[in-house]
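Below is a set of questions and answers on one structure. Each answer ends on the value or name asked for.

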Amino acid sequence: MTDLSTRFFGLTLKNPVIAGSCGMTGNINRIVEIAKAKPGAIVLKSVFEEEIDLLYQKEQSSSYAQNLDPEYLNYFDYVIKEENLGKYLDLIQEAKKLVDVPIVASVSCITSNEWISYVKRLQDAGADAIELNLFIIPSDVKRTNEENERFYFESVRKVSEIVSIPVTLKVSYYFSNLAKMMKDLSSKGIAGITLFNRFYSPDINIEKEELTSGDVFSNSDEYLLPLRWTGILSSKVDCPIAATTGIHSAETAIKMILAGAGAVQIASAMYKEGPDVIGKITNGIEEWMKRKFYNSIKEFKGKLALHTDDITAYERVQFMNYFGNK
Amino acid sequence: MNEIIETGQFSEKVFKIVVSAPRIAKSRKPGHFIVLRTDENGERIPLTIADADVKQGTITLVVQKAGVSTTKLCNMKPGDKIADLVGPLGKATKIKKVGTILACGGGVGIAPLLPIVEGFKKVGNRVISVLAGRSKDLIILEDQIKKWSDEVVVMTDDGSYGHKGVVTVGAEEIIKREEINECIVIGPTVMMKFTALLTKKYNIPTQASLNTVMVDGTGMCGACRVSVGGKTRFTCIDGPEFDAHQVDFDELILRLGGYKEEEKRAYNAYLENQNK
Amino acid sequence: MEDRIERRDQEWRKELRLKTKGRERTAIQRAEMPMMDPLERVHYQDREVNIGLDLNTAGQEATRCMDCVNPECVTGCPVNIDIPSFIKNIERGEILKAAGVLRETSALPAVCGRVCPQEKQCEAHCFYLNKLKKPAVAIGYLERFAADYEREHGVAEVPEIKKNGIKVAVIGSGPSSLSFAGSMIKKGYDVTVFEALHEIGGVLKYGIPEFRLPNNIVNSELENLKKLGVKFEKDFLVGRTSSFEDLKEEGYKGFFVASGAGLPSFMHIPGENFNGIMSSNEYLTRVNLMNAAKDEFDTPVFKGKRVVVVGGGNTAMDSVRTSKRLGADKSMIVYRRSMNEMPARLEEVKHAQDEGIEFNTLTNPVEYFADEKGHVSRVRVQKMELGKADASGRRRPVPIEGSEYDIDTDMVVVAVGVSPNPLVPSVLPNLKVSKRGTIEVNEETMQSSIPELFAGGDIVRGGATVILAMGDGRRAANGMDQYLTEKYGK
């Protein structure tokens, strides 16, 4: 028997292939479909703090708003927030009812304020774990490192205070000292770190000379960035690592696990190939394990991780025909 | 309208009041409640409807003397008029054929349970009722419940009647004995809390009919708010029945005590006045 | 419109215009509203703050009005009251005639004269303000004066109405319904108003406190409607007590739904369900409708000593001022924007300040804490700063990270708005409702997707001022009259 089980989200997952947070995991019918492909867990689409504000702005600028009692829209962002959260709580409950796979709620925040307090309600609705999607694009020249970093620590502290279910972080790579930051965060009682957020990226159309949106979906060669950092961090941090971005095949998933990831999160590949890709990747991992005579994930997880403080391949910046081992 | 037709007494503090309310009698369904105000100076209190007679145009309320308003109501006589009576309010119980129903009623909660038990029985369910109270005289409407149940188990805290023990003891025996498809529980909040914990253990879908503080009963004040599955819901328009496994009973118990001091003061003042 | 021009050309109006020179008119100072002393009034929940103008002052103020050829003020009024006409009637001393002009388009002038935000409506368009840069003519004070004078002196004449016998039902008894009922009864219909509560008047009774709008003012308007033949049924929840079908069987041909925006909003922050924290609806209903502050009434109400009211609208002002009157040592507004962005009427804010209310602006609650009994003891607030202007033109509040601090309190009133009451829409599956729960209507006729059902006020708009809701009622009356006339003939 090949044992594919692994630990992430503070849970024992049946396999390391997780359906990552994306548009598809925001729809109950798609969630049911995805569950048929037997992922290790499903991370629901994030509830975005930013999105609420945009909806509020839209509401205020609508023509009918001009004729209203000004009191009506005074706190309307809370109404919108509650509507969206309400839908999200329904989604968690329905998913829990219809699907026999761990359901992870995902919260995106840009401030460590009241938004954080809503995680308690995600727990009450039945979520098995919480993925905190925290990000600051460090574009504010007036904001210091300390301020940015405090946001992460504050958010983790506040969330751990109010929920009892496991909490994981999904972060970006915009840190001046990523390794130390991840190490410090991992020691704060979290159940995992997912590397990395994939942001909407601007692009430029040189004919029209205007800004456009970059590719919404990841490409299969984008995995190199998370691979490097999984390799560097997996043996150093105090919690499991999950890798995401550019994982479109079993081969890439295996690479991530070899580099030390406890699990991988799949999103773009589900869009390109449908939810079945999850089953395909899981089967691919299993076949490879059989071929290599591995009985369980832990037998090869982290085999190619950075295990010493010496300079190794993961830290090289120049291309060299070298791939380090312990 | 609103004239008291008949009164009765189940025990020292529990009374039956039959009121003329033809429109409500006609439109009420199991699970509905009404809000009434005994007199011009009274407060608005919610009471679940225990029974209705469309032909006579009456509804039956079962009331426990607890504070000023319920005492005023219990002291009213046939022929007296209730100043204001509005309803039916709340969402009706979702009654359908599911198989076997476990109906748990505690104290005066047995009264609103009656039409629900009747409803479930009439659509072809097997109904097992567990009635619980501190002592024998707090077990009410046993015969009526029997009429619509395949089996009735009575539990009393002091063992003065039926089996000795709390409601969950009787309920668990039945759950262990046979498959239960759905449970409904109405009674004191603590009793509902522990029943919910029990049925959650056995994964039985459970509805609890909540009793909260209310002012208007039509969604306006929010005094009846309760946390259900992480959401704030209003008992008066979203309830009174909720998924018992999702209700934050501890918060509800705290909220029910919210006006306790004000109420106690008012009650004492009222009693003093009565004795003058 | 023509009426207005013709009226302006009446001999007496011409003479009146010539009687006083423009320069003399503009030299008069705007009248000040006499009011109760702040230190005294904070002891009385049911004494009106504004006392009202006397005959002399009202005449003076009316003289200020230039009787413009194109009176812009009228365009600022949601029900297009012929403002110059009623004011000139006051100037010449025909107060009852002035009140008559008001009644042509407004069912509740004594109410509007008190609660309308005139400074944002009619008065904002006044010639004085816009051309002379002087304070506008006090149209609101004059409206109130004429309506009060009529109530105190006039014998309200009951006009001869030819009945058509067609039964129409009005659901809810707030300003929109009363306005509708008043219009329909004059058109000859058999009008019954159904109210779920035990008092008629809707928000005018349960919401607006007596120190701003005394109940006897509302009651007298209700009496007028009763005299005209409007029937009122309290304790009746249409759709529940009886279904729409039942009412149709009883002969009702048309329905006007103005069931209001009864559902209070909360912020859904941690601890908000602790005892001692309530919606402004609950607080005001207990005090205004249930008389909870009076010993002889059974309904309880918290009498907080350190009261925090969250919000910046009129409801917040009503709540905070009520708490002061109920004996609070400290009553405080916590509002996340600055004074400038407050939606409350300037006058109400000023009154609150005079009464010693504290204003904690640019501050927003993030969490509540309670004592061991579960009663609120502290509120954690966060400082805010104003960022860029948002779509409404107001600068938006942005939280300042790490600026949280605690305020001790024993009672919190959350006055952050209301949403439409779902009771009526929930029993009518065919009724077209927006995703916000408001009833969708034709804006001109106020007819809904169910032909015989018309709607107005907050259940259509989500949030409207009293006068806007009344405008809806009037338009709906015209719309329904046309519909029923086409269907059943005259």
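Q: What radius of gyration does chain C have, against the value for a compact globule with 490 residues?
A: This is a predicted model, in which local features need pLDDT of at least 70 and side-chain atom pairs count only at pLDDT 80 or more, while totals for chains, interfaces and linings use all residues. Residues are numbered from 1 along each chain as its sequence is written, and chains are lettered from A and ligands numbered from 1 in the order in which they are written. The radius of gyration is taken over C-alpha atoms, and the globule rule is 2.2 Å times the number of residues to the power 0.38. A compact globule with 490 residues would have a radius near 23 Å, and the value for chain C agrees with this: 24 Å.

Q: Which box do the C-alpha atoms of chain C fill along the principal axes, and how much of chain C is buried?
A: The box is roughly 70 × 65 × 50 Å. A residue is buried if 20 or more other C-beta atoms, placed from the backbone, lie within 10 Å of its own, exposed if 12 or fewer do, and partly exposed in between. Of the 490 residues in chain C, the buried ones make up 54%.

Q: How many helices and strands does chain C have?
A: Helices (H or I, at least four residues) and strands (E, at least two) are DSSP runs, numbered from the N terminus. For chain C the count is 21 helices and 16 strands.

Q: What separates the centres of domain 2 and domain 3 of chain C?
A: Domain bounds come from an automatic or database domain assignment. For chain C this gives domain 1 (2-153), domain 2 (167-262 + 420-488) and domain 3 (264-417). Taken over C-alpha atoms, the centres of domain 2 of chain C and domain 3 of chain C are separated by 31 Å.

Q: How many residues do domain 2 and domain 3 of chain C give to their contact?
A: Two residues are in contact if their C-beta atoms, placed from the backbone, lie within 7 Å. The side of domain 2 of chain C that touches domain 3 of chain C has five nonpolar, two polar and four charged residues. Here Ala, Val, Leu, Ile, Met, Phe, Trp, Tyr, Cys and Pro count as nonpolar, Asp, Glu, Lys and Arg as charged, and the others, Gly among them, as polar. The contact takes eleven residues from domain 2 of chain C and eight residues from domain 3 of chain C.

Q: Which residues touch the most other members of the largest nonpolar core?
A: A nonpolar core is a set of buried Ala, Val, Leu, Ile, Met, Phe, Trp, Tyr and Cys residues joined through C-beta atoms within 7 Å. The largest one has 228 residues, and its largest share, nine residues, comes from helix H21 (residues 466-488) of chain C. The members that touch the most others are Ala146(C), Phe256(C) and Ala455(C).

Q: With which residues is Ala146(C) in contact, leaving aside neighbours within four places in sequence?
A: Ala146(C) belongs to the core of 228 residues. Its contacts beyond those neighbours are Phe86(C), Ile90(C), Ile95(C), Ala98(C), Ala99(C), Leu102(C) and Pro109(C).

Q: Why does Glu404(C) count as partly exposed?
A: Glu404(C) lies in the loop between strand E12 (395-399) and strand E13 (405-408) of chain C. Not counting residues up to four places away in sequence, Glu404(C) touches Val366(C), Arg380(C), Val381(C) and Gln382(C). Glu404(C) counts as partly exposed because its number of C-beta neighbours inside 10 Å is 15.

Q: Which element gives the largest share of the side of chain B that touches chain C?
A: The contact takes 36 residues from chain B and 32 residues from chain C. Elements of chain B that give two or more residues include helix H2 (68-74), strand E6 (84-89) and helix H9 (260-275). By class, this side of chain B has 14 nonpolar, twelve polar and ten charged residues. The largest share, six residues, comes from E6(B).

Q: Which helix gives the largest share of the side of chain A that touches chain C?
A: In this contact, 23 residues of chain A meet 27 residues of chain C. The chain A side divides into nine nonpolar, nine polar and five charged residues. The largest share, five residues, comes from H3(A).

Q: What radius of gyration does chain B have?
A: Chain B has nine helices and 15 strands, and 53% of its 276 residues count as buried. The globule rule gives 19 Å for 276 residues, and chain B is close to this, so it is as compact as a globular protein of that length, at 18 Å.
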